[in-house]
Amino acid sequence: MQTSSQGPRSAAGSSEFIEGIVRGLPKVSLHCHLLGSVQPGTVVDLARKHGLNLGAHTAETLYDHSSYEDLGEFLRVLDVVGSVVRDRDDLYRVTYESLTAGGAAHHVLHREIQISPPGHVDVPYPALIEGITAGMQDAQTDTGITSNIVVGLCREDTPAAARQLVETVIEYRTPDVVGIGLDYAEVKGAPAQFAPAFIRAGEAGLRRTAHSETGPPRHIEVLLDELGCDRVDHGYHVVDDPRITARCVQEQVPFICTPVSSDIGRYSGSGDGSHRRIAQMVDAGLKVAIDSDDPPMFGTDPTHDFRALAHALDYGLEQLAMFTRNAVDACWLDTAEKAALRSRVEEGIAALMIDMGPGAEKTPAAKTRPD
Ligand code: ADE
Ligand code: ZN
C-alpha cells in the first residue's frame, strides 16, 4: 500500500477508503446528550460509589439498544443513568470522558453539549454547571476540543417547571451556557405550551433548539414560529409536508440528525439501516448536520454515525464534509470563534483530501432508495 504522502491509501469506494474518510473527517457535534454519553462502565462505577443498586444490570447488559424501538423505554434507561450522576465530581468525570474518548478521539473539534438538569437526581443547578465546566476546561487543555452547554428543558415536565428552569439558567448564567433545548418524549409534551419559557430565554439572549423526532410536521413550524428555534434536533417528518420542507430549504433551517439512534427508534426510516428520511432531507436541499445523540446507549460513536450514512447512502467525502460544514454554520459560537472553527475544519478536510487521494471528494451515484 502507498503511504499517505504518495497517494491514495486504498481504492476509492472500498471499505478501507470509507473508513479513512469517516475516521479522519473533522466533526462538529451539536446533538449529543451528556447523560446519553456516559459509558456503561462509568455508570456501574458511580452506582457503586453512591451505594446505589442497579438491580440485575451489569456494564454489559445496561444498554440493550435493541430494546429502544420505543423512545419511552430508552428514556427510562436514561433515568437510571441520571440517578447515578449525582455530584460535582461525577459531572466532571462524565463530561471529561464524553469530550475526550467520546469526542476528540473521533476528531470532534467542537461540541455543544446537551444537558438535562431534570434528569439528574438532587444535583443543584450551580453544582451541575460547575462540574461540567471543569470537565470542559480540562478536556480542552488535554485535547484541544472546545465546547459549550445547551440546557434541555424536559417536555414531560409542566410548562411552569420548564419556565422555572429557564429562570434558574438566567440567574446562574455563565458564558459557556449558550442556549436551551427541549427533550424527552414529544408525545407527552407538544411544543407550543413551552413558548413562554422559550420566549423568556430568547429575551435573555439564549439561543434555542428543540427535539422533534416523532412529529407531526406541523411541530417544526411551531418550533420556528412560536419557540423561536434557529435549529431543529432530528425533524425527519419535515419531508412529509412539501410546503414546510420548501420553507425550511428556503430559510436553510439546520436539522441536526442522528442516524443510528433514530434508525433504532425508527424515526428516520423503517429501522432497516436505510436512513431513507435523512436521504430525502439531503436530496430536498435541507441543511442537515450529523451527530450521535446518545452514543454508547445506542452502540454508536461520532465516527460510526458518519460510517452508517457512508455505507447506506454511498456518501463520499464531499457530502460527509458538507454535514460538518453545516454544523459549523449552525453552531452558536460568536463570529470570531466560528471563523476560527471554520478554518480548523477546512484545514482538516484539505489534509484528509490529500491523504485519501483522487476520488475522495466525489460522492458516488446515489443508490436506489426505498420509499
Ligand atoms: N434525551 C436524550 N436523547 C433523547 C432523544 N433521542 N429524544 C428525546 N430526548 C432525549
Ligand atoms: Zn437527542
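Helices (H or I, at least four residues) and strands (E, at least two) are DSSP runs, numbered from the N terminus. The model is predicted, so local features need pLDDT of at least 70 and side-chain atom pairs count only at pLDDT 80 or more, while totals for chains, interfaces and linings use all residues. Residues are numbered from 1 along each chain as its sequence is written, and chains are lettered from A and ligands numbered from 1 in the order in which they are written.

Step back to H12 itself, residues 302–313. Nine of its twelve residues are buried, among them Phe306, Leu309 and Leu313. Buried means 20 or more other C-beta atoms within 10 Å of the residue's own, exposed 12 or fewer, and partly exposed in between, with C-beta atoms placed from the backbone.

Next, colour Tyr184, in the loop between strand E4 (177–183) and helix H7 (195–203). Its phi is near 75°, positive in a residue other than glycine. Tyr184 counts as buried because it has 22 C-beta neighbours inside 10 Å.

Tyr184 also belongs to the surroundings of ligand 1, which include His33, His211, Glu213 and Asp293. Here a residue is near if its C-beta atom, placed from the backbone, lies within 6 Å of the molecule.

Now go to Gln252, between helix H9 (242–251) and strand E7 (254–257). Its phi is near 50°, and with 12 C-beta neighbours inside 10 Å Gln252 counts as exposed.

Finish at Pro216, in the loop between strand E5 (207–212) and helix H8 (218–225). The peptide bond from Gly215 to Pro216 is cis, with omega near 5°.

Technical notes: The expected span of a helix is 1.5 Å times one less than its number of residues.
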